[in-house]
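Here's a quick briefing on two interfaces, one inside a chain and one between chains. Have a look at the structure first.

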Amino acid sequence: MTAPVLVVDGLSARIAGQQVVEEVSFEVAATGVTALLGRNGVGKTSTIRALLGLIERAGRVELAGERIDQLPTHRIVQRGVGYVPEDREVFAGLTVAENLRLAERGADATGRDLVAELFPELVQRAGQSAGSLSGGQQQMVSIARALVNRNVVLLIDEPTKGLAPLIVQDVAAALARAAATVPILLVEQNLQVVRQLADTVVVLESGRVVHRGPAAGLLDDDALTTRLLGVHTERETEDGR
Amino acid sequence: MSAPATRIRRLTGAAWFPFALMVVFAGVAAVLPLLAIDIPGVLPGPSYLPGTLQLLALCLVFSALALSYHLLFGTAGMLSFGHALYFAVGAYGVGILLQRTELPLAAAIATTVALATVVALALGAVSLRVAGISFAMVTLAFAQAGSVLVRRNAWITGGEEGLRLDTDNVPDFLVGVLNTRNVYWLALAVLVLVFLVVIWFERSRAGHVAVATRENETRVRVLGIRPFTIKLMTFVIASALAALSGTIYFVLQSGTTPRATSADLTLSLLVIVVLGGVGARWGAIVGAFAYTLLDQRLTALASSDAVAALPDVLRIPLSEPLFLLGTLFILVVLFLPGGIAGTVRRAATGRRTSRDARERLEEAER
Amino acid sequence: MSTVVLLAVTGLGLGALYFLVASGLSLIYGLMGVLNFAHGSFLTLGAFAGFELTRRLGGDSWPAFVASLVLGAAVGAVAAALTELLLIRRLYERHIEQVLVTVGLSLATVALFEGIWGSDPSYVTAPAWLGETTQLLGARIPNDRFVLIGAAALVLLGIVAFLRFTRFGLIIRAGVENRAMVTALGIDVRRAFTVVFAIGGTAAGLGGVLASHYFGYVSPHLGGSLLIFAFIVTVIGGLGSLAGAAIASVAVGVLQQFANFYWGVGDLVVVLLLAGVLLLRPAGILGKKKVQA
Ligand SMILES: Nc1ncnc2c1ncn2[C@@H]1O[C@H](COP(=O)(O)OP(=O)(O)OP(=O)(O)O)[C@@H](O)[C@H]1O
Ligand SMILES: [Mg+2]
């Protein structure tokens, strides 16, 4: 077992003066997918944004053995962190091609072929403005922006949120492809997808880690899942929204 | 935390403390004209001389004005660039009423403040359609329109010449250099009045909502309160107080020039409040004194022989008071975000306040 | 008829001036959320730089005129870039404090200009052709209006081309939409801040030299008086929208000229227009719907 790619130690975060993440500690394994779970509003998105320095944070974060908790966001990303934000956040006024071009980090941008292969639709729509795409297509742009570079780790926040079941499968397949080469920290409400992709799970509750372990151990234990996540594993898709 | 620091904080946090401080301040200020206090370098001469009292009275008027701005910016978080407009309405309003009507001074002042309230209600309702930076620009535009009106309509405002005080309906004890100290006391009384109104508003339910709106407008909306109404109310009260200060300014200066309407005055006001410490009532007063005295001293310095003899690189900047004040302002914003009040509080209580001050400032943007 | 044409072209010229100031203001606000009060000083400084140059080279020669435009633009760019690097950057993401610093800078610089050049107007000289008129649809139009309109059009095209075809332009367009996401793609968006300040300063400096020919003189308050109208223009056009700034500049300039000629109340009509726009469309003509009612 190699050393974890990301070590989070006592991470706290504040938004507008309010504590939203409290002393969170967990690790992201050097390979495979680590899922970050928890009920709505528990602080998953905030944890990821704090890792990236997008919100005020305190605590220790190590990426591949080096501390990144004092660095500004762009430096953290330049060290090989790919980010797919919760609500896609594509640049609506830019074309698909411009969105991808903006994301390319010089010599790191080795993933163009992979992106073209995974999302042929984006190649066809390269000249279209991202704002005019469907939700699923926008999510592809958002994921493609992360995959277009060679990364050390990917932080992916609810990539299947609000997507039709068929598209969910496309996205899951794309992430599975990516996970073969780069470790992923994945926030995901769809437990089906979690089961499909995740090796390890970390569960948050009111800003703290309450459970850590192999994915199967949690998802196969119905009572535990219900208690921690408030949902049943049998469910095909999460209803939440 | 050291014991004295805790004690100081408990003392200054008490509800009655601001009043006690005001009583002490007003008491000292009230007897100044009867004493011969001279602070070389700060005051132009002993405190009983009309020249010195005139300057101190100006400090009091600007303190009242700054307190009204504190209500707007510090308490409610509305960054207005047009507050000078209401000060000017006060000054020109009372001047024109005294000249054109037979109203006695007190009635002229009351009428003017009522008028300013109406103007503030109308313009505030329009300006508050937007928030943050847009609000700042829109209030600036309205103030600019006021400035243009004053300069254009010379038949009633005196145009560039300015307007003189018509003393026919002004009580004798307020007229003439020898009565400067009466005007000084009047200014002091008005400052105390403004202070009480500001405290009363801040401690009222509306004041609490205004603060809550500044901190988190969404939360206030959720509670079913319309932030617009509270903001407009704050805007109108602050404007009325500014107009009141303007009327006293007019009496004190025996007139006014169009400079009272200019954006420069609002900017000076901003300098005063930030210099004193945003969000601190006493900061506004201390800032007004510091600014007014500094401005006066720097102007004296600028025209001094010592400066005239310097080489150009030093002479030019030193002979421009606004250059020095502007630079000082930049330095305060960069390095002392809590202003004078914040620095004093930090020294007295050992608590870090610059961070609070910064957060408070940013709240104005939302 | 000829009066109408004259007023329209003159209004367009004035609008061109407003645009040269407002374009920078709007870009800076759009990307950084900063209202730059010192923008008028960049303009004034550019104007004085041009004035000093033509005074030395002889203002009536074309090469000197062109050189003064280039110098004014360059001085504006440098002053703006320095402002961003030395003052604005220290207060990263603290928008109100950034505004306050620019307020302080504008107070200090205007006073400094008064100290150096005095508060009286400094009269500029220009190639004779600029002071002559050209017949257009029966109206005699002062030639400097054409130069002004042409220059503003070129600046507009230049900025649009920059935004469309360069990497910085791409970053700026993306940053206006969502600055945080740009940094989350590994881009140091602060470099783009310096660039927009420099672009805004270039336009303002150029505008300063042109304004000095439009009015015939430079004074320390030249920038400040144009700045207020530029603020109005940016609010009407929609904060952060370049196209909005262009449309609103023309509308305000032309309206102001007509209102001034027929009723002598140009400035007030502009403020009324502002109030009207705010009541009907608080976000401005082309503004994002972010501003709340
Ligand atoms: N901009 C904000 N201002 C104030 N509070 C916020 C803000 N963003 C998030 N919060 C609060 O922070 C807490 C954590 O939010 P966060 O988005 O991290 O949760 P989450 O676990 O990602 O939720 P979800 O499953 O709904 O995506 C919530 O209580 C939320 O209300
Ligand atoms: Mg989330």
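Chain A is split by an automatic or database domain assignment into domain 1 (1-80 + 152-163 + 179-241) and domain 2 (87-150). Bear in mind that this is a predicted model, where local features need pLDDT of at least 70, side-chain atom pairs count only at pLDDT 80 or more, and totals for chains, interfaces and linings use all residues. Residues are numbered from 1 along each chain as its sequence is written, chains are lettered from A in the order in which they are written, and side-chain values use heavy atoms, leaving out hydrogens and water.

**Between the domains of chain A**
- The C-alpha centres of domain 1 and domain 2 of chain A sit 24 Å apart.
- Contact (heavy atoms within 4.5 Å) links 10 residues of domain 1 with 11 residues of domain 2 in chain A.
- About 670 Å² is buried between these domains of chain A, 53% of it from carbon and sulfur atoms; buried area is the accessible area (1.4 Å probe) that two parts lose on being put together, summed over both.
- A:Leu154, A:Lys161 and A:Leu163 supply 46% of what domain 1 of chain A buries against domain 2 of chain A.
- A:Lys161 also pairs with A:Asp87 in a salt bridge at 3.1 Å, N to O (the rule: a side-chain nitrogen of Lys or Arg within 4 Å of a carboxyl oxygen of Asp or Glu).

**Between chains B and C**
- Here 45 residues from chain B meet 46 residues from chain C.
- Chains B and C bury about 4,200 Å² between them, with 76% on carbon and sulfur atoms.
- The rule finds 1 salt bridge across this interface of chain B and chain C: B:Arg152 with C:Asp267, their closest N and O atoms 3.6 Å apart.
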